[in-house]
Amino acid sequence: MKLKYLFYALLIGGLAALVIYRITTNKESQNQGPGKGGAVSQRPATVNGIEVRPSEFSNSLSITGSIDANEKVDIRSEVPGVVRSISFREGARVQKGQILLKIDDSELRAQLSQALTRENLAAGTENRARQLLEKEAISQEEFDIALADLRSLKAQTQLIRAQLGKTTVKAPFGGTIGLRSISEGEYVTPTTIVATLVNTNPVKITFSVPEKYSNQIKNNSKIAFTLSGSNKKYAATVYAIEPQVEAATRTLQLRARAANDDGLLIPGSFANITLPLNTIDDALLIPSEAIIPIQNGKKVFVSSNGKAKEVMVETSSRTEKEVLITSGLKAGDTVLTTGIMTLKEGSPVKVRTAKK
């Protein structure tokens with residue numbers, strides 16, 4: 001029993017000593033202020049940084065566009081009728097003026113013959129009226145009526161000849177003709193699409209740029225582009241610029257022309273375009289991982305007197321790894337690139353710096 005009481009006494013005494021020690025320690029901590037050397041200083045965070053240096057930067061814009069045919073038209077017959085012959089092979093090249101289609105013209109030829117007969121008769125009547133007018137055997141009014149009849153019949157003859165000419169459909173330009181949608185003996189109208197004719201050498205590249213770049217693009221500007229699924233680069237030259245910005249998208253549409261001697265550029269294809277804008281001699285570039293997006297814009301951390309400092313920045317173009325800074329930084333600033341998500345304004349930092 002004595003051992004039991006002794007054990008309890010020792011346990012109670014140990015607990016009492018521990019409580020007294022904790023109370024004494026807390027009081028000493030409270031009595032020690034910052035001026036007395038009692039505060040434990042925060043250890044600086046070790047981060048990587050980069051010293052910003054001006055460098056030459058060729059500013060370019062990466063955009064998308066589409067490849068269009070140099071010329072494209074749907075082949076149609078201007079007059080309705082039965083197709084008597086088709087003179088082209090699907091997918092083949094045709095020359096300008098080559099006959100593609102022939103529409104039955106037998107009815108129009110009969111109308112032309114009838115019109116020529118009436119015209120000849122009216123010509124004889126007009127000739128006799130002229131002779132009688134010279135002898136003052138008829139009035140000027142009677143002669144004018146005969147002359148008007150002759151001119152009217154001549155106009156009808158010319159109209160029928162024009163319609164006859166339209167029964168032969170010719171290629172308006174040289175190019176490649178596509179798949180036909182009709183057969184010989186089929187009745188066609190002016191709304192019937194026979195086939196599509198395209199000229200693909202050169203091709204046109206149509207694309208749009210944001211309006212803020214509109215004053216940096218001129219005619220004869222050079223662009224480079226690639227096709228989807230290919231790394232081969234093609235060159236083109238801007239030859240036309242839309243005179244106004246599209247209000248809905250705030251973009252400006254442009255068109256460039258590229259040679260297509262090998263025929264690899266197919267109209268309708270998707271193009272990835274690189275458009276050079278200008279060259280900046282003293283550009284400030286920082287790694288993209290240093291940028292922190294926030295509600296009111298973007299910020300970075302710089303090292304100032306051993307502490308982290310927040311700086312609001314404005315950016316412009318970007319490359320694969322870097323961002324162009326337009327305001328907020330100056331040459332010589334040390335921009336922090338690692339550990340930035342855990343930093344706060346005034347946090348002590350130890351920077352491993354590399355020059356840009």
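The model is a predicted one. The chain contains 3 helices and 19 strands. Of its 356 residues, 33% are buried. Among contacts between residues at least 6 apart in sequence, 73% join residues at least 24 apart.

**Helices α2 and α3**

- Helix α2 covers residues 106–134 and helix α3 covers residues 140–166; the two pack with their axes 8 Å apart, at an angle of about 160 degrees.
- That angle makes α2 roughly antiparallel to α3, because angles over 145 degrees count as roughly antiparallel.
- The crossing of α2 past α3 is left-handed.
- The residues of the contact of α2 with α3 comprise 15 nonpolar, 8 charged and 5 polar ones.

**Helix α3 by itself**

- The 27 residues of α3 should span 39 Å at 1.5 Å a residue, and the C-alpha atoms at its ends are 39 Å apart, so the two values agree.
- Buried residues in α3 are F143, A146, L147, L150, L153, T157, I160 and L164.
- The cover over these buried residues includes α2 and also strand β6, residues 168–170.

**The loop residue E136**

- E136 sits in the loop between α2 and α3.
- Its phi is positive, about 60 degrees, although E136 is not a glycine.
- With a relative accessible area of 71%, E136 is exposed, because the cut-off for exposed is over 50%.

**G65 in strand β2**

- G65 belongs to strand β2, which runs over residues 55–75.
- G65 has a relative accessible area of 12% and is therefore buried, the cut-off being under 20%.
- In sequence, G65 and I273 are 208 residues apart, but their C-alpha atoms are 6.9 Å apart in space.
- Apart from neighbours within four places in sequence, G65 is in contact with T206, F207, S269, F270, A271 and I273.

- Strand β9 spans residues 195–210 and contains P202.
- The peptide bond joining N201 and P202 is cis, with omega about 5 degrees.
- V209 is also placed in strand β9.
- The relative accessible area of V209 is 0%, so V209 is buried.
- V209 and T251 lie 42 residues apart in sequence, with a C-alpha to C-alpha distance of 5.3 Å.
- Not counting residues up to four places away in sequence, V209 touches L61, I63, I217, R250, T251, L252, L254 and L275.

**The loop residue R250**

- R250, one of the residues that V209 touches, is in the loop between β11 (234–241) and β12 (251–258).
- R250 has a positive phi of about 55 degrees, and R250 is not a glycine.
- At a relative accessible area of 42%, R250 is partly exposed, because that class takes in values between the 20% and 50% cut-offs.

Terms used. Residues are numbered from 1 along each chain as its sequence is written. This is a predicted model: local features need pLDDT of at least 70, side-chain atom pairs count only at pLDDT 80 or more; totals for chains, interfaces and linings use all residues. Side-chain values use heavy atoms; hydrogens and water are left out. Axes are lines fitted to C-alpha atoms, for helices over the stretch in contact, and angles run from 0 to 180 degrees between N-to-C directions. Helices (H or I, at least four residues) and strands (E, at least two) are DSSP runs, numbered from the N terminus. Angles under 35 degrees count as roughly parallel, over 145 as roughly antiparallel, 65 to 115 as roughly perpendicular and the rest as oblique. A crossing is left-handed if the near helix is turned anticlockwise from the far one by less than a right angle, and right-handed if clockwise. Ala, Val, Leu, Ile, Met, Phe, Trp, Tyr, Cys and Pro count as nonpolar, Asp, Glu, Lys and Arg as charged, and the others, Gly among them, as polar. The expected span of a helix is 1.5 Å times one less than its number of residues. Buried means under 20% relative accessible area, exposed over 50%, partly exposed in between (1.4 Å probe, protein chains only). Contact means heavy atoms within 4.5 Å.
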